[in-house]
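Please look at the sequence and the structure before reading on.

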Amino acid sequence: GGDAEAPLEDSYVVATDTSFVPFEFKEDGEYVGFDIDLINAVADEAGFKVDLKTTNFDGMIPGLQTGTFDIAIAGMTIKPERAEKVDFSDPYYKSGLRIGVPIDNEDITSVEDLEGKNIATRLGSTSADYINNNIEGAKAQTFEQLDQAYLAVQNGTSDAILYDAPNVAYYIKTKGEDSLKMVGELLEAQDYGIAIAQGNESLVKAIDKALSTLKENGKYDEIYQKWFGE
Ligand code: ARG
């Protein structure tokens with residue numbers, strides 16, 4: 001990397017996570033989801049091939065820094081601390097955080113009710129930061145696998161889960177229908193971006209250009225409807 005005008009490679013190693021519905025998850029042995037469709041459309045548009053690798057979410061930025069991955073797409077929130085370590089594309093999805101609790105829970109109806117509670121979330125996520133910085137006396141119970149965080153709420157180890165709103169909503173609509181419900185308002189507006197290893201300016205430019213083309217030609221909307229439409 002380093003050369004701003006360097007031509008694109010034929011193929012890039014793209015890291016994604018193993019389970020973050022509906023952005024990336026395994027179905028019938030294959031990785032599917034909004035992020036998977038989006039990065040494939042971006043790659044088609046920009047003219048490179050995707051060599052997809054799955055990894056734990058908290059390993060993505062280190063992997064971009066050491067050159068194991070070129071690109072990461074995993075519902076990653078654009079944050080200043082991260083932008084010091086990797087480059088971000090233009091935002092591609094507006095998100096935020098939501099609370100999920102057991103379906104029969106009556107005590108937790110808003111973020112204020114989370115004070116002093118055990119809250120399950122993902123290791124290295126913006127939700128873990130939110131719990132530590134904004135919720136008085138709460139304990140962030142962080143899990144490497146997201147499914148473990150949901151399970152912790154279902155089996156009573158945690159009082160609630162705090163995580164990305166679209167993920168909590170989709171989980172509840174699918175697997176968690178009988179066991180969990182969403183409460184409170186959307187917390188902390190966030191933008192997701194595609195992360196790119198530093199020093200690949202031509203790749204960042206190509207990805208941004210492709211994103212804007214996909215937004216103009218309706219492909220972005222098609223992918224959005226597929227995963228978030230009613
Ligand atoms: N948006 C949150 C963050 O950036 C959580 C993203 C989790 N993504 C995932 N693939 N597990 O921290």
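In this predicted model, the shell around the ligand is made up, by class, of six nonpolar, five polar and five charged residues. In total, 16 residues surround the ligand, and the closest of them are Asp17, Ala74, Thr77, Arg82 and Asp164. Strand S10 (160-164) and strand S11 (180-192) are the elements that give two or more residues to this shell. Because domain 1 (11-92 + 193-228) and domain 2 (95-190) both contribute residues to the shell, the ligand lies between the two domains.

| Residue | Distance from a ligand nitrogen to a side-chain N or O atom |
|---|---|
| Aspartate 17 | 2.6 Å |
| Tyrosine 163 | 3.4 Å |
| Aspartate 164 | 2.6 Å |

Two details of the backbone remain to be described. Most residues other than glycine have a negative phi, and most peptide bonds are trans. The peptide bond from valine 21 to proline 22, however, is cis, with omega near -10 degrees, and proline 22 is placed in the loop between strand S1 (11-16) and strand S2 (25-27). Aspartate 28, a residue other than glycine, has a positive phi, near 50 degrees, and its place is in the loop between S2 and strand S3 (30-32).

Methods. Residues are numbered from 1 along each chain as its sequence is written. This is a predicted model: local features need pLDDT of at least 70, side-chain atom pairs count only at pLDDT 80 or more; totals for chains, interfaces and linings use all residues. Side-chain values use heavy atoms; hydrogens and water are left out. A residue is near a molecule or strand if one of its heavy atoms lies within 4 Å of it. A polar contact is a pair of N or O atoms within 3.5 Å; within protein, one must be able to donate a hydrogen and the other to accept it, and residues adjacent in sequence count only if both atoms are side-chain atoms. Helices (H or I, at least four residues) and strands (E, at least two) are DSSP runs, numbered from the N terminus. Ala, Val, Leu, Ile, Met, Phe, Trp, Tyr, Cys and Pro count as nonpolar, Asp, Glu, Lys and Arg as charged, and the others, Gly among them, as polar. Domain bounds come from an automatic or database domain assignment.
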